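Please consider the following structure with attention to its charged side chains. The paragraphs below examine how they pair and how accessible they are.

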Amino acid sequence: YASTGDVIVVQPGTCTATVTIDVPGVTLRTATPLATVISPPAGAAGIAVRAGGGLVEGFVVRSDKEGVIVAAKKAGEVLSRVRLRGLRIEPPPAGGIATNGIRAQDVDRVRIESCTVDGAEQQGIVVKRASRSWLRNNRVTRSGEWGIHVDNGDPPAPATIAGQIVA
């Protein structure tokens, strides 16, 4: 179990469960970038970030439902300062991602950078009801609806978006 402020370094290999981060300020990163795979059971998301102030970095996520979800446990709560960096979200070998590659909702100061999303049937990256979002150097391919969709809520607070590749 993690405590606030812990840095967890994961060695190369495969995890066959959903990884949930529900402790604030936790850093979860790989020892070797893109050498650790999270492959949850069918119908499950790969990573669920349910607490703010943390970083998730360097994983390959293979899910048939949704790659990464950043959203509070309770409706109406806002997560702040979550960072996703250097992730590769892709479908399992025999299918697609039924919904989104990365979804962040009800967030403040979320940062999504240098991530790759391939094969999401809805949106590659979607940021909803967000303020002060920061998306940089992401690549989205084979997305069914939107490559990158940012909805900054009402009233909108500007997002910083730069260096994206959507193909």
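A residue is called buried when its relative accessible area is under 20%, exposed when that value is over 50%, and partly exposed in between. The model discussed here is predicted. Because its relative accessibility is 27%, Arg29 counts as partly exposed.

Side chains of opposite charge can pair when their charged atoms come close. A salt bridge here requires a side-chain nitrogen of Lys or Arg within 4 Å of a carboxyl oxygen of Asp or Glu, and by this rule the count comes to ten salt bridges.

One of these joins Arg29 to Glu57, with an N to O distance of 3.1 Å. The pair links distant parts of the chain, as Glu57 belongs to strand E7 (residues 55–57) and Arg29 to strand E4 (residues 27–30), 28 residues apart. Both residues also take part in a network of salt bridges that includes Arg85 and Glu113.

A further salt bridge is formed between Arg129 and Asp106, whose closest N and O atoms are 2.7 Å apart. Arg129 lies in strand E16 (residues 125–131) and Asp106 in strand E13 (residues 102–108), so this pair ties together parts that are 23 residues apart in sequence. With a relative accessible area of 41%, Arg129 is partly exposed, whereas Asp106, at 17% relative accessibility, counts as buried.

Arg88 and Glu90 also form a salt bridge, with 3.1 Å between the closest N and O atoms. Here Glu90 counts as buried because its relative accessibility is 16%, while Arg88 is partly exposed, with a relative accessible area of 29%.

Key:
Residues numbered from 1 in each chain as written. Predicted model: local features only at pLDDT ≥ 70, side-chain atom pairs only at ≥ 80, totals over all residues. Heavy atoms only, no water. Helix = DSSP H or I, 4+ residues; strand = E, 2+ residues; numbered from the N terminus. Buried < 20%, exposed > 50% of the residue type's maximum accessible area, 1.4 Å probe, protein only.
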